[in-house]
Amino acid sequence: MPTSTFLNLPEDKRESILSAARKEFSNVPYADASINKIIKYADIPRGSFYMYFEDKKDLATFLMNGYMCHIRKSAEHAVSNPRGDIFDVFLQIYDNTAKFLSKTADNTAALKNIIIGLHSEFGPPGPLGKPPHGKFLFELDSEKIKSLNRDSLNVKSDAEFSCLLEILSSMLKTAVIMTFKNVSDAKKYRKQLLIKLNLIKHGALKNNEDNL
């Protein structure tokens, strides 16, 4: 984590350093990212860098956690302010995530390079920095999830509702992973997710009364 010296810098100074780091991490793989280039982009002395961060990994982890927190907050907002039924909520979570990834192509490239680099060099990142195939997006408030309106659902118990959430989360996770890998195809992955959501929502059988 960054030092208190960094956290107490004026906001514009902190952002200048982080912007320089995002630029470098988006340009090259993590292993090739240079602290010298970062301090050059940020126009700070080399000694100052080590007053702010322990090393390159420390800076990269801080950046990654910031990305993850932003995406999680966006997902939590969709849960806290639902528009429509539970299927609409999961689609909204995807839309919010895809929008963030699409709006910040450089950030997405930096995040991808950081995740791949940290994972290969140091093993899986910590809880706040899990990669997109981990739980970072789905560590939502369980009570808020459970409080979503179930009136229109054909579920008879909490256990069935939990199973439904597990299925929807798995489909969402797949869509997010694919979008993260190729954000330019976000519309295609959204369409695929919508098809899956509708299959679960309306059922695949012509006669919904039929049971296995």
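**Cores, helices and a few side chains**

Let me start with leucine 59, which touches Leu18, Ala21, Phe25, Ile38, Phe49 and Phe53, leaving out residues up to four places away in sequence; contact here means heavy atoms within 4.5 Å. Before going on, this is a predicted model, in which local features need pLDDT of at least 70 and side-chain atom pairs count only at pLDDT 80 or more, while totals for chains, interfaces and linings use all residues. Residues are numbered from 1 along each chain as its sequence is written, and side-chain values use heavy atoms, with hydrogens and water left out.

Leucine 59 belongs to the largest nonpolar core, which has 32 residues, and Ile17, Phe25, Phe53 and Leu59 are the members that touch the most others. A nonpolar core is a set of buried Ala, Val, Leu, Ile, Met, Phe, Trp, Tyr and Cys residues joined through side-chain atoms within 4.5 Å. Buried means under 20% relative accessible area, exposed means over 50%, and partly exposed is in between, with a 1.4 Å probe and protein chains only.

Which helices supply this core? At least two residues each come from α2 (11–27), α3, α4, α5 (56–80), α6 (86–103) and α7 (105–122). The largest share, seven residues, is from α5. Another core lies apart from this one; it has 25 residues, among them Ala98, Leu153, Leu164 and Leu172.

Now the overall picture. The protein has ten helices and zero strands, where helices (H or I, at least four residues) and strands (E, at least two) are DSSP runs numbered from the N terminus. Of the 212 residues in the protein, 41% are buried. Among contacts with a separation of 6 or more, 69% are between residues 24 or more positions apart.

Next, the aromatic rings. The whole structure holds seven aromatic pairs. Rings of Phe, Tyr and Trp (its six-membered ring) pair if their centres lie within 6.5 Å; planes under 30 degrees apart count as stacked, over 60 as edge-to-face and the rest as tilted. One of the pairs joins phenylalanine 53 and phenylalanine 62, and is tilted, at 6.1 Å centre to centre with 50° between the planes. Phenylalanine 53 is buried, at a relative accessible area of 0%. Both rings are in one aromatic cluster made of Phe6, Phe49, Tyr50, Tyr52, Phe53 and Phe62.

Two lysines are placed over rings. The charged end of lysine 56 sits over the ring of tyrosine 30, 4.6 Å from its centre. Lysine 112 lies over the face of phenylalanine 180, 5.8 Å from the ring centre. The rule for this asks for NZ of Lys or CZ of Arg within 6 Å of the ring centre and within 35 degrees of the ring normal.

Phenylalanine 180 takes us to helix α9, residues 158–181. This helix has 24 residues and reaches 34 Å from its first C-alpha to its last, close to the 34 Å expected at 1.5 Å a residue; the expected span is 1.5 Å times one less than the number of residues. Its buried residues are Phe161, Leu164, Leu165, Leu168, Met171, Leu172, Ala175, Val176, Thr179 and Phe180. An α-helix has 3.6 residues a turn, so residues three or four places apart point the same way.

What does threonine 179 touch? Leaving aside neighbours within four places in sequence, threonine 179 is in contact with Tyr94, Ala98, Leu101, Ala186 and Tyr189. Threonine 179 is buried because its relative accessible area is 0%. Methionine 178, also in α9, counts as partly exposed at 31%. Methionine 178 and tyrosine 189 are eleven residues apart in sequence and 7.1 Å apart in space, C-alpha to C-alpha.

Back in helix α2 we find arginine 22. Is arginine 22 buried or exposed? Arginine 22 is buried, with a relative accessible area of 18%. Its contacts, not counting residues up to four places away in sequence, are Glu15, Leu63, Tyr67, Asn107 and Ala110.

Aspartate 43 is in the loop between α3 (35–42) and α4 (46–52). Its phi is near 60°, a positive value in a residue other than glycine. Most residues other than glycine have a negative phi. Aspartate 43 counts as exposed, at 67% relative accessibility.

Last, the cysteines. Cysteine 69 is partly exposed at 28% relative accessibility, and cysteine 163 is partly exposed at 45%. The count of disulfides is zero, taking a disulfide as a pair of cysteine sulfur atoms within 2.5 Å.
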